[in-house]
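Subject: Structure handover

Hello,

Here is the structure I promised you. Please open it first, then read my notes beside it.

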Amino acid sequence: MMRKRKKEVAVCALFALTLYGMWMVDFLQEEHLYSEWEKRMLAQKPKWELEAVLNGSYEKAYEEWMTDQFPVRNWWVGVKTRCEMLSGKKEINGIYLGKDGYLFSDQVRTAEWDELEDRMTEQYGEESVSRIHVPAAGSVLTEKLPCALSFPAEKDAVWENLYGHREEYIYYRTDHHWTMLGAYYAYEAWAKERGMEPVPLSELQAETVKEDFLGTHYGRLHYAEQPDVMELYAPKVECRVVYDLGESDLTGLYQPGLLSSRDAYRFFLDGNHAAVQIDTGRGEGHLAVLKDSFANCLVPFLTVHYQKITVVDPRYFRADPAAWLQNQGVTEVLILAQDTSLSTPGVAGGVGVESDQDTASAVFTDETAVEKKGIL
């Protein structure tokens, strides 16, 4: 009887300590607004209101806040992932566990980029507009997928070239993006279709810039069999680069200082900006690239062919990009993106922001200023 009594007291004490710990967290911990690993906004502490308590919304919001703001949350996410793996699960938190350490995620397709392509075709003509449908890693690395899982694909020249090189390191294991080598093979197929001679891979300056890259899929699981390697294949082209229509002090196609950050993929074009203008001083023509983040490591290859390149991310450009481009002397348009949504509901102004997998470094809010500025 005494032993049972002690056990009950111990359980009650543990429960009380847990409640006390949660109370201390509630009052003492500093809230985090954004998760660099998960690339998403975190739930904030809800305001206590009687109506919200009575209808249950307060309890739900409080639970979400505790989940997002829990102390050493990332460590607990990693523990949870390993426990679920031991139970045999192949899908955890929306991430599929593939072979050889590859992690995959679903891709929700929309027609929004198709609509943008139609508009550009009306404005510039069919011969002046091209498209790169970015294949999801799972549609190319089919041998790496868990059993009974498949991904849809636009089986065009870009997909075929990537699939033909699927034994090479063309997609990151821990991130949803392709590597710069994968981007090269997409560029190679696109250039040939446009009647251009792609720069040979052997003529590019190859360099390993990071050996411990952990990407967005790692951020959702806090687990990886091994980190990724980031490689640079740089064309020998000197460029003048202007970010955000001159509102930013950034220059250059690459940002080495970000390689030590948790968002090392921003090494390429500093991540997502509303507009990046590039002047190569060579070639001819002015190419506009309407894109998502997959273009960031492909754009450098385009500098071999065009005198000017204007990169516009329509998810962050707070004016009509088609109308603005009409005044920039653009001669060709490339649309490069996965066929996912252009916007996120609930974002005021413009066309919204990217999914929780990426973040923008700059957003324009003054439409008049955007329409008037043309730096290069």
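Start with the rings. Tyr-184, Tyr-185, Tyr-187 and Phe-301 form one aromatic cluster. Rings of Phe, Tyr and Trp (its six-membered ring) pair if their centres lie within 6.5 Å; planes under 30 degrees apart count as stacked, over 60 as edge-to-face and the rest as tilted.

A word on the source. This is a predicted model, where local features need pLDDT of at least 70 and side-chain atom pairs count only at pLDDT 80 or more, while totals for chains, interfaces and linings use all residues. Residues are numbered from 1 along each chain as its sequence is written, and side-chain values use heavy atoms, with hydrogens and water left out.

Back to the rings. The structure holds 14 aromatic pairs. Tyr-169 and Tyr-172 make an edge-to-face pair, because their ring centres are 6.4 Å apart and their planes stand at 90°. Both Tyr-169 and Tyr-172 are buried. (Buried means under 20% relative accessible area, exposed over 50%, partly exposed in between, with a 1.4 Å probe and protein chains only.) Tyr-184 and Tyr-185 also pair: their centres are 5.7 Å apart and their planes are at 70°, so this pair is edge-to-face. Tyr-184 and Tyr-185 are buried too.

The charged end of Arg-166 sits over the ring of Tyr-163, 3.9 Å from the ring centre. The rule: NZ of Lys or CZ of Arg must be within 6 Å of the ring centre and within 35 degrees of the ring normal.

Now the overall picture. The protein chain has 12 helices and 13 strands. These are DSSP runs, numbered from the N terminus (helices: H or I, at least four residues; strands: E, at least two). Of its 376 residues, 48% count as buried.

Next, the cores. A nonpolar core is a set of buried Ala, Val, Leu, Ile, Met, Phe, Trp, Tyr and Cys residues joined through side-chain atoms within 4.5 Å. Which residues touch the most other members of the largest nonpolar core? Trp-178 and Leu-298 do, in a core of 63 residues. Helix H8 (residues 180–193) gives the most to this core, with 10 residues. Another core lies apart from it, with 22 residues, including Leu-290 and Val-330. Leu-298 touches Ile-132, Trp-178, Ala-183, Ala-186, Tyr-187 and Leu-336, leaving out residues up to four places away in sequence. Contact here means heavy atoms within 4.5 Å.

Arg-315 is in the loop between strand S12 (308–312) and helix H11 (321–325). Arg-315 counts as buried because its relative accessibility is 2%. Its side chain joins that of Asp-313 in a polar contact of 2.3 Å. A polar contact is a pair of N or O atoms within 3.5 Å; within protein, one must be able to donate a hydrogen and the other to accept it, and residues adjacent in sequence count only if both atoms are side-chain atoms. Asp-270 lies in the loop between strand S9 (240–243) and strand S10 (275–279). Asp-270 is buried, at 5% relative accessible area. Its side chain makes a polar contact with the side chain of His-273 (2.6 Å).

Last, a sheet. 3 strands form an open, antiparallel sheet in the order S3-S4-S5. Strands pair if DSSP finds at least two bridges between them. Strand S4 (residues 95–97) is joined to S5 by 3 bridges. Ile-95 stands opposite Ser-105 in S5.

Best wishes
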